[in-house]
Amino acid sequence: MELTTIWFLLVAVLFTGYFILEGFDFGVGMLLPVLGRDDRERRVLINTIGPVWDGNEVWLITAGGAMFAAFPEWYATLFSGFYLPLLLILLALIIRGVAFEYRHKRPEHTWKRRWDTAIFVGSLLPAVLWGVAFANILRGVPLDADHEYTAGLLNLLNPYALLGGATTAALFLTHGAVFIALKTVGDIRHRARALAVRLGVGTAALAVAFLGWTLTIRSSTAAVALAVAAAIALLAGLAAAHRRREGWAFTGTAVAIALAVATLFAALFPNVLPSTGDPAGTLTTVNAASTPYTLKIMTWVAVIFTPIVLAYQGWTYWVFRKRIGVAHIPQH
């Protein structure tokens, strides 16, 4: 297998890990004003992701670094053409991180409410905009022969991309609700599980519509198989949630997200950013890649350090694996 193909797969794996892990983070943040009826319940929700949210964002940093090093042309074109959406994602992530840290600094109700709003907005915007961005990557954008983006912001806000944004937001909401049910006890657990089942119906409809539309734009045998598997995994996860099997439900939504992302990358390959303008502007795994020597060095670095990072993050989840509830939150 060519190193360019290997690194395309690695970038896909990194974004898959990011969407699975940060996906439930976003879901918890978006559900904060829905499931958190008072301050103690909202603190329970925040504490479910408190030990892991910043580690989950490392997957995005690594994915961006891998894209920059392995496919610099892809990185340059994407981050210049999609500058405003990606900037909004970055600002939202910064605001959300600050909100997690500053929410508890003062006891006033108004102070906490403002930071809760920041957490909600900082979770909602990326959840929507990542779907918009990846839908446009797969659909293609106007590029000239020099691989420069030649359209404006409104070109990115097409119906297919907006459906992609709605789909990712709905998937993350459902994934987050299942995660809350998995990590909490008492009334919050029951409400989160019931909400996950209700949200899942609309999420499944959006996911089927988006993946179906995707396969009419770009498709392959692997992409079709992965899309069908993603739908089955999501339905299995919702069925498990209905039967109060939160562990299996979370596994189902996680696998559904992984297979949905895999569908997009399988449909995209061997392109990395198709051009809807000049065909010569299309970026592929070949013409967007770094030199073979660079890819070889990167491969050895990945082989050495990836297991270490995975082991550390797995250990973190194991340490903070227990459920929490209102009884664990002091009244102050």
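Author: A salt bridge is a side-chain nitrogen of Lys or Arg within 4 Å of a carboxyl oxygen of Asp or Glu. Keep in mind that this is a predicted model, where local features need pLDDT of at least 70, side-chain atom pairs count only at pLDDT 80 or more, and totals for chains, interfaces and linings use all residues. Residues are numbered from 1 along each chain as its sequence is written, and side-chain values use heavy atoms, with hydrogens and water left out.

Reader: OK, how many salt bridges does that rule give here?

Author: The count is 14. Take Arg323 and Glu246: their closest N and O atoms are 3.6 Å apart, and they form a salt bridge. Arg323 sits in the segment after helix 12 (292–319) and Glu246 in helix 11, so this pair links distant parts of the chain, 77 residues apart. Helices here are DSSP runs of H or I, at least four residues, numbered from the N terminus.

Reader: Are Arg323 and Glu246 buried or exposed?

Author: Check the relative accessible area: buried is under 20%, exposed over 50%, partly exposed in between (1.4 Å probe, protein chains only). Arg323 comes out at 28%, so we call Arg323 partly exposed. Glu246 has 5%, so Glu246 counts as buried.

Reader: Which other residue forms a salt bridge with Glu246?

Author: That's Arg193, with the closest N and O atoms 2.7 Å apart. Arg193 lies in helix 9 and Glu246 in helix 11 (residues 246–268), so the pair ties together parts that are 53 residues apart in sequence. Both Arg193 and Glu246 are buried.

Reader: And which residue pairs with Arg191?

Author: Glu41, with 2.9 Å between the closest N and O atoms. Arg191 belongs to helix 9 (residues 187–217) and Glu41 to helix 2 (residues 39–49), 150 residues apart. Arg191 and Glu41 are both buried.

Reader: Next up, how do I read a nonpolar core?

Author: In soluble globular proteins, nonpolar side chains tend to be buried together. A core is a set of buried Ala, Val, Leu, Ile, Met, Phe, Trp, Tyr and Cys residues joined through side-chain atoms within 4.5 Å. The largest one here has 102 residues, and Phe15, Phe19, Phe71, Trp74, Trp130 and Phe265 have the most contacts inside it. Helix 1 (residues 3–35) contributes the largest share of this core, 17 residues.

Reader: What is Phe71 in contact with, leaving aside neighbours within four places in sequence?

Author: Contact means heavy atoms within 4.5 Å. The partners of Phe71 include Trp7, Phe8, Val11, Ala288 and Ala289.

Reader: Last one: how do I read a pocket?

Author: On a 1 Å grid over the protein atoms alone, it's an open set of points where a 1.4 Å probe fits, with protein on both sides within 12 Å along at least five of seven lines; lining residues have an atom within 4 Å of a point. The largest pocket has a volume of about 600 Å³. It is lined by 25 residues, and Leu14, Val58, Thr62, Thr306 and Val309 are the closest to its centre. Helix 12 gives the most to that lining, with eleven residues.

Reader: What about the second largest pocket's volume?

Author: About 460 Å³. Of its 23 lining residues, Leu60, Phe79, Leu86, Leu90 and Trp130 are the closest to the centre. Helix 5 (83–102) is among the helices that supply at least two residues each, and helix 5 gives the most to this lining, with seven.

How values were computed: Grid points are joined across faces, edges and corners, and a volume is the space filled by probe spheres set on the points.
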